[in-house]
Amino acid sequence: MTFDLGKCARAVIASVLAMAFAVPCGFAQEHVVSPSDLQKEVVNASQTRQQNIDKVQNLLSTEVGRQAMQKVHANPEQVKKAVSTLNDQELAQLAAKADKAQADFAAGTLDTRDLLIIIIAILAVILIIVAVS
């Protein structure tokens, strides 16, 4: 009887692999998220998105916003639909700009002309994003 090193090596490797798959790995971490946590996150994201849509549309529905849309010959209904098609990141950025513009206008830092220019810029961004998408 001869000793076959190749067969012995294959047997050892097969045994090691079988043990590796049979024994649960202690290094694995469980990342289980409960359905209620997922639902809460979806609801929060949905509420945040709706708040951002409302912020942008509220700015555009002001008198200065309507004037801005008239100046650039934008259809208010198309703009409203365009706002809702923006992705969450774009919408959050525009909502932040809308908030800042309204706060600055209310504080007297901006006059009507400045607010008009900002709204026209926001309209341009909305229309460009929608056209590129």
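This is a predicted model: local features need pLDDT of at least 70, side-chain atom pairs count only at pLDDT 80 or more; totals for chains, interfaces and linings use all residues.

Guide: Residues are numbered from 1 along each chain as its sequence is written, and side-chain values use heavy atoms, with hydrogens and water left out.

Visitor: How many helices and strands are in the protein chain?

Guide: The protein chain has 6 helices and 0 strands. Helices (H or I, at least four residues) and strands (E, at least two) are DSSP runs, numbered from the N terminus. Along the sequence the pattern reads α-α-α-α-α-α.

Visitor: Why is Asn 52 called buried?

Guide: Buried means under 20% relative accessible area, exposed over 50%, and partly exposed in between (1.4 Å probe, protein chains only). Asn 52 has a relative accessibility of 10%, so Asn 52 counts as buried. Asn 52 lies in helix α2, residues 35-60. Apart from neighbours within four places in sequence, Asn 52 is in contact (heavy atoms within 4.5 Å) with Leu 91, Ala 92 and Ala 95.

Visitor: Which other residues of α2 are buried, and what do the buried residues pack against?

Guide: Besides Asn 52, the buried residues of α2 are Ile 53, Val 56, Leu 59 and Leu 60. The buried residues of α2 pack against α3, α4, α5 and α6.

Visitor: How do you know that the span of α2 is close to the expected one?

Guide: The expected span of a helix is 1.5 Å times one less than its number of residues. With 26 residues, α2 has an expected span of 38 Å, and its first and last C-alpha atoms are 37 Å apart, which is close.

Visitor: What makes Val 83 and Leu 91 buried?

Guide: Val 83 has a relative accessible area of 0%, so Val 83 is buried. Leu 91 has 1%, so Leu 91 is buried. Val 83 is in helix α4, and Leu 91 is in helix α5. Beyond four places in sequence, the contacts of Val 83 include Leu 91, Ile 53, Val 56 and Ile 126. Those of Leu 91 include Arg 49, Asn 52 and Leu 86. The C-alpha atoms of Val 83 and Asn 52 are 9.6 Å apart, with the two residues 31 apart along the chain.

Visitor: Why are α5 and α6 called roughly antiparallel?

Guide: Axes are lines fitted to C-alpha atoms, for helices over the stretch in contact, and angles run from 0 to 180 degrees between N-to-C directions. Angles under 35 degrees count as roughly parallel, over 145 as roughly antiparallel, 65 to 115 as roughly perpendicular and the rest as oblique. Helix α5 (residues 88-107) and helix α6 (residues 112-132) pack at about 170°, with axes 10 Å apart. The pair is therefore roughly antiparallel. Among the residues making the contact are Leu 94 and Phe 105 of α5, and Ile 118 and Ile 122 of α6.

Visitor: What makes His 73 exposed, and what is its phi?

Guide: His 73 has a relative accessible area of 73%, so His 73 is exposed. His 73 sits in the loop between α3 (63-71) and α4 (76-85). Its phi is positive, about 55°, although His 73 is not a glycine. Most residues other than glycine have a negative phi.

Visitor: How much of the protein chain counts as buried?

Guide: Of its 133 residues, 21% count as buried.
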